[in-house]
Amino acid sequence: MSSAAMYLAAPSGLLSLVLFVVAVAVLGVLAGSFWLGNRIKDREPPTPRPEEHPRPPETGPVHEVLENREPDEVPKVPKGGRAMTPYELGNMQTKPGTDKDRPRWSKGSSGSFGGGGLGAH
């Protein structure tokens, strides 16, 4: 065997050893992650028992109410008066609307900005 052939064959054994060490390291990291995950899970509180789960109200299930809401009007500024600042307005409430129909988009409008429709007319 020539010296060139021996030179090319020698690193393959070293390469195999390096790949084996890397594989063992990856397996070690995976095993450690499972071990750590089990330790963390053991510290969590147990899942609730069936009697600890929430129950529906005695009056039966709560149903969804669909209604249109209207905002309260912003107070008008008297002539010569000073406009109110946002923190002076407080928490603006809403009230049930008088119109029971759901608002719909205009005919010929897609309802989205830049949708290509003719827009509201």
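Start by selecting Glu70, Asp72, Glu73, Asp99 and Asp101, which gather in a patch of negative charge on the surface. Patches take residues with over 30% relative accessible area and no salt bridge, joining like charges within 9 Å and nonpolar side chains (Val, Leu, Ile, Met, Phe, Trp, Tyr) within 5 Å. A salt bridge would be a side-chain nitrogen of Lys or Arg within 4 Å of a carboxyl oxygen of Asp or Glu.

This is a predicted model, where local features need pLDDT of at least 70 and side-chain atom pairs count only at pLDDT 80 or more, while totals for chains, interfaces and linings use all residues. Residues are numbered from 1 along each chain as its sequence is written, and side-chain values use heavy atoms, without hydrogens and water.

Now zoom in on aspartate 101, in the segment after strand S2 (94-96). Aspartate 101 counts as exposed because its relative accessible area is 56% (exposed is over 50%, buried under 20%, partly exposed in between; 1.4 Å probe, protein chains only).

Next, select helix H1 (residues 3-43) and find valine 22 in it. Valine 22 is partly exposed, at 46% relative accessibility.

Finally, show the whole chain. Its two helices and two strands run α-β-α-β from the N terminus (DSSP runs of H or I, at least four residues, for helices and of E, at least two, for strands). Of the 121 residues, 2% are buried.

Definitions and conventions
Accessible areas come from the Shrake-Rupley method with a 1.4 Å probe; for residues, only the protein chains shown count as cover. Lys and Arg count as positive and Asp and Glu as negative; His and the chain ends are not counted. The place of a charge is taken as NZ of Lys, CZ of Arg, CG of Asp or CD of Glu.
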